[in-house]
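Here are a few exercises to work through with the model open in your viewer. Try each one before reading the solution.

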Amino acid sequence: MTTARLPLFPLNAVLFPGLVLPLNVFEERYRAMMRELLKTDEDEPRRFAVVAIRDGRETAPTGSGMPDAVNVPAERGPADGFGPDPVQTFHRVGCIADAAKIRERPDGSFEVLATGTTRVKLLSVDASGPFLTAELEELDEETGEEAGALAEGVLRAFRSYQKRLAGASERSLTTGADLPDDPAVVSYLVAAAAVLDAPTKQRLLQAPDTATRLREELTLLRSETAVIRHLPSLPAVDLTRAPTHPN
């Protein structure tokens, strides 16, 4: 069992391995986290863990993505907004993020671009420092039975889903050459790209193996495609990039 202690960044979103995560960091507790990560040698990964929030909030009271210029909220403690026992506020399976870019702005906020790498299980949360840290167990990705065949079926269903999202008159977003053939990568790509609610995405993230995740995705894609047939055209989603999250 491989464990690690890393800074913890809770979000109202689910991060998957391979997904690009842009962050707009302005709260002091997360600024402190980024300043600490910048101390890491440039040749080493700047890692932190992302977990989805069950309850509570990860934003300041303004909730707008930028500090309130008139009524700036008081400095928040590392666990503020997450209840008396933060570990109970977060989903127990999250993802390690590697920050390829951390840029400090003149106002002291940060622009961050990170990529999900490895699933982790949340063991404990420490709120004694300037930001949350967590004890984490890295989770191996088990393949499961018939993952290869399931991945092929999911890709076919995903192409149909994409076309329905883009509209019958629109070109599909990707070609076969653009899509991966590794079952685990397929399962994460589809989980990240499909327009699903956070609880469903969380369930996919914590699936016990790749085959289980792919089976559920196949069911979801077929169901969602059937629903979209009866709706007006919807804008297609970016396959690997999440919306920018204000902290």
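Partly exposed means a relative accessible area between the cut-offs for buried, under 20%, and exposed, over 50%. Keep in mind that this is a predicted model.

**Exercise 1.** Find the salt bridge between glutamate 28 and arginine 35, and classify how exposed each partner is.

*Solution.* Start with the contact: the two side chains meet at 2.3 Å, N to O. Next, take the accessibilities. Arginine 35 has 36%, so it counts as partly exposed. Glutamate 28, with 33%, is partly exposed too.

**Exercise 2.** Work out how much of helix α1 is buried, and what covers it.

*Solution.* Go through residues 28-37: seven of the 10 are buried, so the helix is mostly covered. Those seven are Arg29, Tyr30, Arg31, Ala32, Met33, Met34 and Leu37. Then look at the cover, which includes strands β1, β2, β3, β4 and β5.

**Exercise 3.** Which parts of the chain does the salt bridge between arginine 5 and glutamate 135 tie together?

*Solution.* First check the pair: their side chains sit 3.1 Å apart, N to O. Arginine 5 belongs to strand β1 and glutamate 135 to strand β6, so the bridge ties together parts 130 residues apart in sequence.

How values were computed: Residues are numbered from 1 along each chain as its sequence is written. This is a predicted model: local features need pLDDT of at least 70, side-chain atom pairs count only at pLDDT 80 or more; totals for chains, interfaces and linings use all residues. Side-chain values use heavy atoms; hydrogens and water are left out. Buried means under 20% relative accessible area, exposed over 50%, partly exposed in between (1.4 Å probe, protein chains only). Helices (H or I, at least four residues) and strands (E, at least two) are DSSP runs, numbered from the N terminus. Contact means heavy atoms within 4.5 Å. A salt bridge is a side-chain nitrogen of Lys or Arg within 4 Å of a carboxyl oxygen of Asp or Glu.
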